[in-house]
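Subject: Structure handover

Hello,

Here is the structure we talked about. Please open it alongside this note; my findings follow below.

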Amino acid sequence: MEKKNTDIIAKKDENLTGLDFIREIIRNDLKQNKNNGQVITRFPPEPNGYLHIGHAKAIVLNFSVAEEFKGRCHLRFDDTNPTKEEMEYIDAIKKDIRWLGYDWDDHEYYASDYFEKIYDYAVQLVKKGKAYVDTLTSDEIREYRGTLTQAGKDSPYRNRSVEENLSLLEKMRNGEMEEGACVLRARIDMASGNINMRDPSMYRILKASHPKTGDKWCIYPMYDFAHPLSDAIESITHSLCTLEFEDHRPLYDWFLDQLSTPAHPRQIEFARLNITYTVLSKRKLLHLVSEGHVKGWDDPRMPTLSGLRRRGYTPESIKVFCNRIGVAKSNSVVDIALLEHCLREDLNKTANRVMVVLRPLKVIIDNYPDEKVEELDAINNPEDESMGKRTIPFSKVIYIEREDFKEDPPKKFFRLAIGREVRLKHAYYIRCESIVKDEKTGDIIELHCTYDPRSKGGWTEDGRKVMGTLHWVSTAHAIKVQVNLYDHLFLKEDPENLPEGSDFTSNLNPRSMEIIKDCFAEPSLKNAQVGDRFQFLRQGYFCLDPDTSSGRMIFNRIVNLRDSWAKIEKSILS
């Protein structure tokens with residue numbers, strides 16, 4: 001895995017767009033009036049899986065660059081492999097991009113829209129002697145290609161006549177050849193130092209039904225052939241790709257140089273996104289889904305955009321994250337703490353504060369009137385007064401967190417213990433007087449406390465110091481909810497750092513999800529809608545899950561309150 005990037009300082013409210021090398025290239029092109037002053041980008045996903053956080057970087061870059069330079073960004077599906085593509089993925093991709101806040105208007109395209117044109121371009125290359133049908137087996141083609149240190153050698157079928165190649169290509173198209181019998185290859189240079197230029201395949205036979213074109217085609221173009229031609233057909237000006245396509249750029253340009261196309265786009269490569277504790281390989285993500293390691297593409301532990309959305313991530317936080325990491329020319333690894341920091345920044349401003357007790361311990365306030373119920377005022381969000389207030393019922397019997405009481409408290413434990421006083425958030429001071437234990441197990445099942453009626457609101461005129469502040473709910477008014485606590489899906493920063501022979505799934509975190517079914521929430525949450533986000537005081541940020549039903553509310557922990565990136569940032573700056 002690449003070196004982890006600790007040079008990114010999270011600067012609050014700073015927009016980092018306009019500083020990268022891609023925008024400088026585009027500015028210079030506009031100064032020279034290249035492309036008639038137009039900027040047209042595209043986001044070209046393969047519909048063979050769900051988008052993930054790495055794709056978000058490409059989406060934000062392509063759409064924001066087009067917007068900044070008053071151009072447009074196309075959405076084009078690279079649907080050239082029908083054996084792996086499904087309409088489910090196409091629909092999910094469009095939903096994810098719209099969720100991020102982008103739209104392509106009427107510029108939705110498919111590589112399959114251009115299959116006839118791409119085939120015509122292939123015929124042109126054959127007629128120019130620049131392409132040939134090769135009947136070597138796939139293993140033989142691999143052997144003839146050579147290695148990074150050894151030149152390849154010509155196929156014995158490389159010098160077939162134009163007429164024979166045209167006849168064979170037509171037979172391929174008409175379904176007269178079996179899968180694997182032959183491929184159409186570009187005729188470039190088998191001794192090239194760039195292995196991608198050693199007569200790459202342009203077409204292969206796939207007798208598979210296509211989601212859009214059905215059974216019309218039984219040959220399909222390879223990505224390296226379809227990609228530049230699709231860009232050119234759409235008059236893309238700047239084809240932004242991740243670094244793994246850098247060695248493919250000479251081939252991209254070669255195809256366009258040999259053909260008379262509407263445009264010759266400029267391919268520019270940038271570093272892909274890598275994040276700690278995460279895998280962003282579609283193949284590996286598919287493996288996690290198909291083998292049941294997660295509960296689907298939208299499992300809240302997944303780095304897919306649908307998974308992040310279900311967990312409770314906001315599109316604003318993801319876009320801020322993508323802008324802060326910037327656009328670089330070399331690969332690195334970004335600490336997931338920065339993504340979580342951007343998320344907390346956004347949720348801190350937008351999420352209502354509420355009280356939810358995850359592991360309840362009953363508290364009886366002995367000197368509080370039996371039938372009395374008070375409605376206490378609570379601020380929804382101290383960061384934004386416009387979000388208003390709510391009332392919380394307070395009564396004689398409440399729940400607090402079990403971990404907020406110690407029978408034998410250690411030093412620096414400032415929460416509740418026998419003879420100790422604490423503050424109940426928005427309510428009163430209480431003092432623990434005695435405890436009740438289960439006779440069989442010895443577990444504490446009940447606390448008996450007294451309250452100071454003069455301490456309403458959490459302070460008293462005598463100014464005495466109370467160190468601990470606890471959250472709570474009234475037992476008579478609380479609603480029972482389920483809370484799903486999520487953690488990193490992998491145990492190691494680099495999940496693919498493995499002993500030889502090991503599988504990346506051996507690094508899965510067995511505690512990445514904890515389900516707590518009998519939690520109690522303040523009654524204001526009964527009106528929450530799926531997707532609503534809250535800060536559970538002292539617990540973290542949570543989101544109402546789509547599996548919620550009328551009889552069971554389910555909240556997913558989005559992120560905890562502890563901000564490790566803030567500590568990293570402080571150590572770098574100090």
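Contact here means heavy atoms within 4.5 Å. The model is predicted.

Helix 8 first. It spans residues 249-258. L251, Y252, W254, F255, L256 and Q258 are buried there. What do the buried residues of helix 8 pack against? The helices are helix 4 (115-127) and helix 7 (223-233). Strand 6 (183-186) and strand 7 (201-205) are also packed against. So are strand 9 (238-242) and strand 10 (266-270).

Next, the cores. The largest nonpolar core has 54 residues. I22, I53, I59, I97, I318 and F321 have the most contacts inside it. Helix 2 (residues 53-68) gives this core its largest share, nine residues. A second, separate core holds 37 residues, including M197, F225, W254 and L259. W254 is also one of the buried residues of helix 8.

A closer look at I59: leaving out residues up to four places away in sequence, I59 touches F43, L51, S64, I97, L100, Y102 and L305.

Last, strand 27 (residues 553-559). Seven of its seven residues are buried, so strand 27 is largely enclosed by the rest of the structure. Which way does strand 23 (residues 479-486) run relative to strand 27? The two are parallel, joined by four bridges. V483 sits opposite F555 of strand 27. Strand 26 (residues 540-544) pairs with strand 27 in the antiparallel sense, also over four bridges. There, F542 has R557 of strand 27 as its bridge partner.

Best wishes

Conventions: Residues are numbered from 1 along each chain as its sequence is written. This is a predicted model: local features need pLDDT of at least 70, side-chain atom pairs count only at pLDDT 80 or more; totals for chains, interfaces and linings use all residues. Side-chain values use heavy atoms; hydrogens and water are left out. Buried means under 20% relative accessible area, exposed over 50%, partly exposed in between (1.4 Å probe, protein chains only). A nonpolar core is a set of buried Ala, Val, Leu, Ile, Met, Phe, Trp, Tyr and Cys residues joined through side-chain atoms within 4.5 Å. Two strands pair if DSSP finds at least two bridges between them.
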